[in-house]
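Thanks for coming, everyone. Let me put the model up, and then we'll walk through its sheets.

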Amino acid sequence: MSQGPRSGLAAVSSALLAMSRHLEVRDVLKTIVASARELLDAQYAALGVPDDHGGFAQFVVDGVGEEQWKAIGPLPRQHGILAAMLQEARPQRLADVRKDPRFEGWPSAHPEMSDFLGLPVRDGDEVLGALFLANKNCARPQGGCGFTEDDEELLAILAQHAAIALTNARLYERSRELTIAEERSRLAHELHDAVSQKLFSLRLTAQAATALVDRDPARAKGELQQVAALAAEAADELRAAVVELRPAALDEDGLVATLRTHIQVLDRAHAARVTFTSQGVRALPAAQEEALLRVAQEALHNALRHSGALRVEVALGKRGPGTVLRVTDDGCGFDPTTVRRAGRHLGLVSMRDRASGVGGTLTVESAPGKGTTIEMEAPGG
């Protein structure tokens, strides 16, 4: 992953920006480790996130090939130098880790390491992980460590920002989990209300048909036809409940308030600045509001997850007799023609389907390095 050492403010800035652009915890960990190894010009780097059982919930390395990593075996336990970093919460800079009295060895496939620099990644009093580097690519002083005090200071700065990036990623994943749980709960209620009565009627009608089969076949046939009709209605309502489930916030607060709240949460959870403006938009029909919300959510997900944007702007406003949603980011952009040929990338097909389903249109403006603007226009409002 690393391409050699870099130095200076620009290199540090690039590393910090790279960390802030990822939302998934695993991606954040990988970026932290790769950035640390590159900035400090080390042969190996790793970051372990401890669990509550003496091991590590996640352990990410850079500088070790995939085959060698598999050969090393299970994740390490919290012992030796790793345990010291987690428990003592202070830096560890060693001329030769193998000669430290706390060293307890490593598996046969493990690479040989000598000079060592590690420190905890902390959020206040909580230790989020242990970040360490080994084998500085330099001429080592006789009996000394290749890593310097300046390296330690730089790694400390990186660890502070790593804590922020990791905390943001955890908040994002937690927010997503809560959203999924809320949707599941709503779906359960919707399914119960929409389908349970139909199923109850279907069961009673089937019981009546069973009782009539022998003594009145003609009436039984009629009851069975009613069973088929009720089953078809139940299937239609089930499909509608699953596909067109309307978020509760839209009914309670309306589109503008729902979007504003959603974007405020995203702005707090991500490093990118996410803003929302609305002007002159009144209440829309339910279908239009849901389509606009879903398109906004998909576009925001793409901007925050894939584009590396530092700023994302969402605007809702009037255009003639219709309502226009614009989601603009300053990210890496892409070639819309290539994406179109590639199929259902970035959810564009889904967004177009939602727009056309309410009589609206969707346009995408983007180019590599030029950011992206997704615009949906819907009738009404």
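Start with strands E6 and E7 (residues 311-319): they run parallel, joined by 7 bridges. Two strands pair if DSSP finds at least two bridges between them.

A word on the source. This is a predicted model: local features need pLDDT of at least 70, side-chain atom pairs count only at pLDDT 80 or more, and totals for chains, interfaces and linings use all residues. Residues are numbered from 1 along each chain as its sequence is written, and side-chain values use heavy atoms, with hydrogens and water left out.

Back to E7. Its arginine 311 has arginine 273 standing opposite.

What is the strand order in this open sheet of 5 strands? The order is E6-E7-E8-E10-E9, and the pairing is mixed. Strand E6 (273-279) and strand E9 (361-366) are the edges, each pairing on one side only. From one strand to the next, the twist averages 10°. Angles run from 0 to 180 degrees between N-to-C directions, with axes fitted to C-alpha atoms, for helices over the stretch in contact.

Now the helices. Helix H8 (residues 286-306) packs on this sheet, touching E6, E7, E8, E9 and E10. Contact means heavy atoms within 4.5 Å. The direction of H8 makes about 10° with that of E8. Helix H10 (residues 348-357) lies across E9 and E10, at about 145° to E9.

Next sheet. This open sheet also has 5 strands, in the order E2-E1-E5-E4-E3, with antiparallel pairing. E2 and E3 (92-94) each have a single partner strand, so one side of each is left without a neighbour in the sheet. Here the twist averages 15° from one strand to the next.

Look at strand E4 (residues 116-123). It runs antiparallel to E5, with 8 bridges between them. Leucine 117 stands opposite leucine 133 in E5. Helix H2 (residues 25-40) packs on the sheet and touches E1, E2, E4 and E5. H4 packs on the sheet too, touching E1, E2, E3, E4 and E5.

Last, the second largest pocket. How many residues line it? There are 29, and Pro76, Leu82, Trp106, His110 and Phe132 lie nearest its centre. A pocket is an open set of points on a 1 Å grid over the protein atoms alone, where a 1.4 Å probe fits, with protein on both sides within 12 Å along at least five of seven lines; lining residues have an atom within 4 Å of a point.

Terms used. Helices (H or I, at least four residues) and strands (E, at least two) are DSSP runs, numbered from the N terminus.
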